[in-house]
Amino acid sequence: MRFLSPDESTSPEATTLFELWCRGDWLCRPVAGESFHEHEIRSLLPGTLGEQPIEVQEQALLVPEPTNQHDRHAVTIVIRGHHVGYLIKDDAALYQPVFVRLLEQGLQPVVPATIRASEYPV
């Protein structure tokens, strides 16, 4: 089985998108490492940000990354082909085995995602 790198997005012929049902607080799961992916996140937003927060609705791929040198349970979050962060460590350890099994069946886990952003005053 081949896992996607954080810089890849799934190809339709390789897998079928499988939208995970969301219950409870799953819709509000925090993302880790997003500060390291500011450029990628900004590319998903409209041109100029103001001080008022905006929200952009997207679909996020949840990509297991068992070869991650820092955390073998890592799960990368990819939106429109851009690596925007990771599931937090505790969530990744719980869900990565499930995501690996889904991928083995040709199913790419996806969830709805909301990007909230604003420009901080300098």
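## How strands are paired

Two strands count as paired if DSSP finds at least two bridges between them. Helices (H or I, at least four residues) and strands (E, at least two) are DSSP runs, numbered from the N terminus.

With that in hand, look at Thr16, which stands opposite Leu107 in S6. Strand S1 (residues 16-19) and S6 run parallel and are joined by four bridges. S6 also pairs with strand S3 (residues 54-64), this time in the antiparallel sense, over eight bridges. Here Val56 has Ile115 in S6 as its bridge partner.

## About the model

This is a predicted model, in which local features need pLDDT of at least 70 and side-chain atom pairs count only at pLDDT 80 or more, while totals for chains, interfaces and linings use all residues. Residues are numbered from 1 along each chain as its sequence is written, and side-chain values use heavy atoms, with hydrogens and water left out.

The predictor's confidence in each residue is its pLDDT, from 0 to 100. The protein has a mean pLDDT of 81, with 82% of its residues at 70 or more.

## What is covered

Buried means under 20% relative accessible area, exposed over 50%, and partly exposed in between (1.4 Å probe, protein chains only). In strand S6 (residues 107-117), eight of the eleven residues are buried.

Now find Gln96 in helix H2 (residues 89-104). Gln96 counts as buried because its relative accessibility is 7%. Leaving aside neighbours within four places in sequence, Gln96 is in contact (heavy atoms within 4.5 Å) with residues including Pro64, Arg72 and Val75.
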